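Dear colleague,

Please find below the structure that I am handing over to you.

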Amino acid sequence: MAYDPGAIDATLAAAVGDEPQLIAELRGAFVDSARRVLAVMEAAEGEQWSAAAFRLKGLAASFGAVRLMALAAEAAASPIGDQVTLRKLHRAVDRF
């Protein structure tokens, strides 16, 4: 599954039209939200891990970030605090 840098922009453009400033603001809000969820995952105990992973998956789905959705689904099934999984998620979010 390849990363598609235009997918989130296409999703946002479909929702708000050709408004580059608004698209940039929404992209920034998406990245901020994703980073907050990752912070929760880094500190998670018990079921917090999978709940946060599913929250990230939903956020990614809302913005058409298919690769991040898949990684978040994998994370939900991964051991709590799995560092390899967290690195993959951070890399995916940083690409936005």
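In helix H4, the residues Leu 68, Ala 70, Leu 71, Ala 72, Ala 75 and Ala 76 are buried. Here, buried means a relative accessible area under 20%, exposed means over 50%, and partly exposed lies in between, with a 1.4 Å probe and protein chains only. Helices (H or I, at least four residues) and strands (E, at least two) are DSSP runs, numbered from the N terminus. The buried residues of H4 pack against H2, H3 and H5, where a contact means heavy atoms within 4.5 Å. H4 itself has twelve residues and reaches 17 Å from its first C-alpha to its last. That is close to the 16 Å expected at 1.5 Å a residue; the expected span is 1.5 Å times one less than the number of residues in the helix.

Two remarks on the source are needed. The model is predicted, so local features need pLDDT of at least 70 and side-chain atom pairs count only at pLDDT 80 or more, whereas totals for chains, interfaces and linings use all residues. Residues are numbered from 1 along each chain as its sequence is written, and side-chain values use heavy atoms, with hydrogens and water left out.

The chain as a whole

The protein chain has five helices and zero strands, and its elements run α-α-α-α-α from the N terminus on. Its radius of gyration is 13 Å, close to the 12 Å that the globule rule gives for 96 residues, so the chain is as compact as a globular protein of that length. This radius is taken over C-alpha atoms, and the globule rule is 2.2 Å times the number of residues to the power 0.38. Along its principal axes, the C-alpha trace spans about 45 × 25 × 15 Å.

Of the 96 residues, 34% are buried. Among contacts between residues at least 6 apart in sequence, 55% join residues at least 24 apart. The accessible surface comes to about 5,300 Å², and 55% of it belongs to carbon and sulfur atoms. Accessible areas come from the Shrake-Rupley method with a 1.4 Å probe; for residues, only the protein chains shown count as cover.

The aromatic residues

How many aromatic pairs does a search of the whole structure find? It finds two. Rings of Phe, Tyr and Trp (its six-membered ring) pair if their centres lie within 6.5 Å; planes under 30 degrees apart count as stacked, over 60 as edge-to-face and the rest as tilted.

Phe 30 and Phe 63 form a tilted pair, at 4.8 Å centre to centre and with 40 degrees between the planes. This pair links distant parts of the chain, 33 residues apart: Phe 30 is in helix H2, and Phe 63 is in the loop between helix H3 (48–62) and helix H4 (66–77). Phe 30 counts as buried because its relative accessibility is 1%, and Phe 63 is buried at 15%.

Phe 30 and Phe 96 form an edge-to-face pair, at 5.1 Å centre to centre and with 85 degrees between the planes. Phe 96 is in the segment after H5, 66 residues from Phe 30, and counts as buried at 17% relative accessibility.

Ala 65 lies in the loop between H3 and H4 and is buried, with a relative accessible area of 4%. Not counting residues up to four places away in sequence, Ala 65 touches Phe 30, Ala 60 and Phe 96. The C-alpha atoms of Ala 65 and Ala 92, 27 residues apart along the chain, are separated by 9.4 Å.

The salt bridge

A salt bridge is a side-chain nitrogen of Lys or Arg within 4 Å of a carboxyl oxygen of Asp or Glu, and by this rule the count comes to one. Which side chains meet in it? They are those of Arg 35 and Asp 94, at 3.2 Å from N to O. The two residues are 59 apart, with Arg 35 in helix H2 (residues 20–43) and Asp 94 in helix H5 (residues 83–94).

Arg 35 counts as partly exposed because its relative accessibility is 40%. Not counting residues up to four places away in sequence, Arg 35 touches Val 93 and Asp 94. Arg 35 and Val 93 are 58 residues apart in sequence and 7.4 Å apart in space, C-alpha to C-alpha.

A colleague
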